[in-house]
Amino acid sequence: MQANTAYARGLARAFVGALLFALPLFMTMEMWWLGFTADKLRLAALVVVTLPLLVSLSYLAGFERAFGIVDHLLDACAAFLVAALTGAVALTLLGVITPTQPAIEIVSKIAVVTFPAGIGALLADKQLGRKERGGAGEPGARGYWMRLLLMLVGALFVALNVAPTDEMVLIAFQLGPLQVALLALVSLALLHALLLWVDFSGRDAPVKASDFWSVLLRFSLAGYAICVLSSLLLLWVFGRAEDVPLAELTEYVVVLSFAAALGAGLAHAVVAEQRG
Amino acid sequence: VAKASAPEGTPLLEWLVGGAGALLFCAVLGVLLMAGLSGADAPPSIEMRVERVTQVRGGYVVEFTAENSGDHTAAAVEIIAELRGADGSRETARAHFEHLPPHSIRRGGVFLSNDPRAGGLVLRAQGYADP
């Protein structure tokens, strides 16, 4: 019984986290339009990607007492439920969803926000509930591939918040080729700096010169590649990659990867911080 | 994952909420896949219907609904209202919808200075853009 009560309290925290993490999207006009302009099969693809990412995030961060894959799967499903309900309630409150709209339009609007809201749901419970449960759950092992996976989650999360906006395309229009190249370099440098100083050092030993190259090759460059792929995925899901010349598509990707790099660089720090 | 010993096991509520989440996940996926695979491909077809005409200061407002019965969203929809008087006079007014999603109804209105209740009012969608 006590475990049930604790779980219910965790759920309440999860709702708050979902609301916080998805709020920028709830209040973005282009996101509302995606409900009826986006290709349904591509939205389905985004939803399909959401669940395994939530499962791996549950494994890496530890939502509730997660022991074994079934618990992580349950946590991910619970986070999905919280995300969808939060989306439905918030979008209805904001007048974005109305009863007169066709069901598919409503489902699509909610589907777009389940990923960021789901991440918020998972992280909030872990962050806010840690003390109460005395560090419940074994955080997952952090191998090389797990680190990359975490970067993928962070990259997708931040990029998703800006990907639907028209500003993203507008920024690409405003930039010349050299500025785009500079933005790509700055994104990589930002990612590298975050990984090097915020992530790998700080609490441990000072940064050595050899770390610089090792982290650059093994994490920063791989991480930037993840940012580029995440950006491409989102551009495809939201139908922005069609009939666009390669040079222009590259500009979109670089602009979006700037946001993605920030998410990828901070993902591990945010989740690791919670392990205390 | 190393199996840690769970003192109380998985709470029942966790099973319920997780199960409901799994069902909802399948439902959302199912709805999206069904809509995506239905192969419905009809172009936007916009039907206009006058709901109400009200006299306001300086003329009349005609409230209408626009229903898109096609399978594609029409963006930047231009609505034109044409009122032909018995004396051959002609008055036009326009309205604009940012989006008309498929199988949806949106509301709008046009302002006219002559009374359209006498007849001779034609409402139609002029064109749209593919979003």
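In the predicted model, chain B averages a pLDDT of 88, and 94% of its residues score at least 70. Chain A averages a pLDDT of 85, with 87% of the residues at a score of at least 70. For the complex as a whole, the predictor gives an ipTM of 0.83 and a pTM of 0.84.

Among the elements of chain A, the highest mean pLDDT, 92, belongs to helix 4 (residues 68-93), whereas the lowest, 81, belongs to helix 5 (residues 103-133). Over residues 131-138 of chain A the pLDDT stays under 50, and for this stretch the model has 16 contacts beyond four places in sequence. In chain B, the pLDDT stays under 50 over residues 1-7, a stretch for which the model has 8 contacts beyond four places in sequence. Where pLDDT is low, the predicted coordinates should not be read in detail.

Attention then turns to the interface. In the model, 38 residues of chain A are in contact with 37 residues of chain B. The size of an interface is often given as the accessible area lost when the parts come together. Between them, chain A and chain B bury about 3200 Å², of which 78% lies on carbon and sulfur atoms.

Side chains of opposite charge can pair when their charged atoms come close. The structure holds 9 salt bridges over all chains, and the count between chain A and chain B is 1. The side chains of A:Glu105 and B:Arg106 meet in a salt bridge, with a distance of 3.3 Å from N to O. The side chain of A:Glu105 also meets that of A:Lys109 in a salt bridge, at 3.1 Å from N to O. Both A:Lys109 and A:Glu105 lie in helix 5 of chain A, where they are 4 residues apart, about one turn of the helix.

Terms used
Residues numbered from 1 in each chain as written. Chains lettered and ligands numbered in written order. Predicted model: local features only at pLDDT ≥ 70, side-chain atom pairs only at ≥ 80, totals over all residues. Heavy atoms only, no water. pLDDT = per-residue confidence, 0-100. Helix = DSSP H or I, 4+ residues; strand = E, 2+ residues; numbered from the N terminus. Contact = heavy atoms within 4.5 Å. Buried area = accessible area lost by both parts, 1.4 Å probe. Salt bridge = Lys/Arg side-chain N within 4 Å of Asp/Glu carboxyl O.
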